[in-house]
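Dear colleague,

Please find the structure below, together with its sequence.

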Amino acid sequence: MKLIYQVEDKPKFGQLIVFAIQQLLAIMAATLVVPVITNGNIAVAQMNGKITWDLVTPMSPAAALFGAGVGTLVYVLFTMKKSPVFLGSSFAFLGSMASAFTGAATMAVGYLGLIIGAVLAGLVYVVIALIVKACGTAWIDKLMPAVVIGPTVAIIGLGLAGNAVGDLNNGNTADARIAVLCGLITLFVTMISSVYGKKLGKLIPFIFGIIAGYVFALVLTLIGNATDTPAICILSFDAFKALLVDDKVALTTFVAFPDFAFLNLKGCFADFSGSYFATVAVAYVPVAFVVFAEHLADHKNISSIIEKDLLKEPGLHRTLLGDGVGSMAGALFGGCPNTTYGESIGCVAITKNASVATIITASVLAILISFLSPFVAFVNSIPSCVMGGVCMALYGFIAVSGLKMVQNIDLNKNKNLFVVSIILISGIGGLSMSFGEISLTTTACALILGIITNLVVKNGPEEEIAEDK
């Protein structure tokens, strides 16, 4: 892929800020929603009697954003500024995070469980990194060649297709057609900016798309409120109303100190036990091995985009250490383990901007913005249908990036055809499995099946499918 900005390039300061904001908009919604979902899971557990203590201090989305910024800076440091990927809150650990609270004696112990779990998951990455450093990556190339990793990357994008379409239909309105229209305006403005725009338009199409969708939603909402037509009221102002203190603007309206995870540990060790530690370990460690597979797929994907093999330079051991240690650091502040974000990779692919300086600036902005309540409120107020329009492009590019990896694979050979087809069908079909506390995601199941299939058939005779005559 011909990039506008290479990994080592440094855009001008003004452009750098704009590019960084675009990266933030691409990843921020998902990063902020992980603690929100966890808070919801805790509330459900309380209602079902699984938790008897009161939910005094919920997880902070702003702290999760701060942790994502810190984790990404750690990742950039370990990867020697050679991998243009942003780390955000991992959805794979949602069940693990819920277990940390449901198994806790108090809320404080639950926060301790979050941090311990993230450390244990990070240590899995550290151990794997040491093995890779000692044994090299040749075994990975043999175990997961392009015929395996390509369709697996495609599954990451295709597996998120339902989320994009679901968001597209969700606009805080009774009429889904209005929501879809708003999302499609966002999508088409993004496409037109990327395809027909000048250099700046090609580099920040998502900002143009989101602004267009947001303004359209705002106009419809104002008209709906004025004419008492709730069906077209897409935009919710609740996030901004929450900033008011006694219906007045105060300093806390603009600046608020994030409620970091480590600040909620007061008195936690008094109720900590060995059995609770075992519960957290069982909840987090197996998931770390599953996310390792997604780590490989993500880095194979970004490697194909920037046309540099990150598994060799800076090396898989460095990307693993960056991901693992970055996840530990991020969880210390936000409570959420981090992972490389497909949205970030998709943003790099579409904008053709692989500058690590952009990623670093986005990380610093994430840290600073976590203290600015209005910006966080603005992101929370972006209608789901607007983000759905953006994500249709982001997730689609992830899928296409994976399919491009198999374009040089001879699919006239049965042994290749079986591997690709099994991965695609199991992934698109949503195959997932659970073994007690261990859950294998759809991507992990597809990858494992693909590896096994490839090992079974790769040494078969060179047979070609007969062409129709």
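Contact, as used in this message, means heavy atoms within 4.5 Å. This is a predicted model, in which local features need pLDDT of at least 70 and side-chain atom pairs count only at pLDDT 80 or more, whereas totals for chains, interfaces and linings use all residues. Residues are numbered from 1 along each chain as its sequence is written, and side-chain values use heavy atoms, with hydrogens and water left out.

Overall form

The protein has 20 helices and 4 strands; these are DSSP runs numbered from the N terminus, with helices being H or I of at least four residues and strands E of at least two. Its radius of gyration is 23 Å, close to the 23 Å that the globule rule gives for 469 residues, so the protein is as compact as a globular protein of that length. That radius is taken over C-alpha atoms, and the globule rule is 2.2 Å times the number of residues to the power 0.38. Along the principal axes, the C-alpha atoms fill a box of roughly 75 × 60 × 45 Å. Among contacts between residues at least 6 apart in sequence, 82% join residues at least 24 apart.

Surface and charge

The accessible surface of the protein is about 20100 Å², and 67% of it belongs to carbon and sulfur atoms. Accessible areas come from the Shrake-Rupley method with a 1.4 Å probe; for residues, only the protein chains shown count as cover. Of the 469 residues, 53% are buried, where buried means under 20% relative accessible area, exposed over 50%, and partly exposed in between (1.4 Å probe, protein chains only). The 25 positive and 26 negative charges have mean positions 10 Å apart. Lys and Arg count as positive and Asp and Glu as negative, while His and the chain ends are not counted; each charge is placed at NZ of Lys, CZ of Arg, CG of Asp or CD of Glu.

The nonpolar cores

A nonpolar core is a set of buried Ala, Val, Leu, Ile, Met, Phe, Trp, Tyr and Cys residues joined through side-chain atoms within 4.5 Å. The largest one holds 126 residues, of which L24 and Y284 touch the most other members. Beyond its neighbours within four places in sequence, L24 is in contact with F86, A362, L365, A366 and I369. Apart from this core lies another, of 8 residues, including F66, V70, A329 and I367.

G113 is found in helix α4 (residues 107–135) and is buried, with a relative accessible area of 0%. Not counting residues up to four places away in sequence, G113 touches A100, Y276, V280 and Y284. With neighbours within four places in sequence left aside, G324 is in contact with G122 and Y125. Its C-alpha atom is separated by 8.8 Å from that of P337, 13 residues apart along the chain.

Backbone points to inspect

Most residues other than glycine have a negative phi, and most peptide bonds are trans. Helix α14 (residues 311–334) also contains P314, which is joined to E313 by a cis peptide bond with omega of about 15°. D228 is not a glycine, yet its phi is positive, near 55°. D228 lies in the loop between α10 (205–227) and α11 (238–241) and counts as exposed, at 68% relative accessibility. K352, also not a glycine, has a positive phi of about 60°. The loop between α15 (342–351) and α16 (356–369) holds K352, which is partly exposed at 31% relative accessibility.

Two further residues

I409 lies in the loop between α18 (384–405) and α19 (414–428). With a relative accessible area of 22%, I409 is partly exposed. Residues up to four places away in sequence aside, I409 touches A146, V147 and N416. M47 lies in helix α1 (residues 13–47) and counts as exposed, at 67% relative accessibility. M47 and A444 are 397 residues apart in sequence and 32 Å apart in space, C-alpha to C-alpha.

With kind regards
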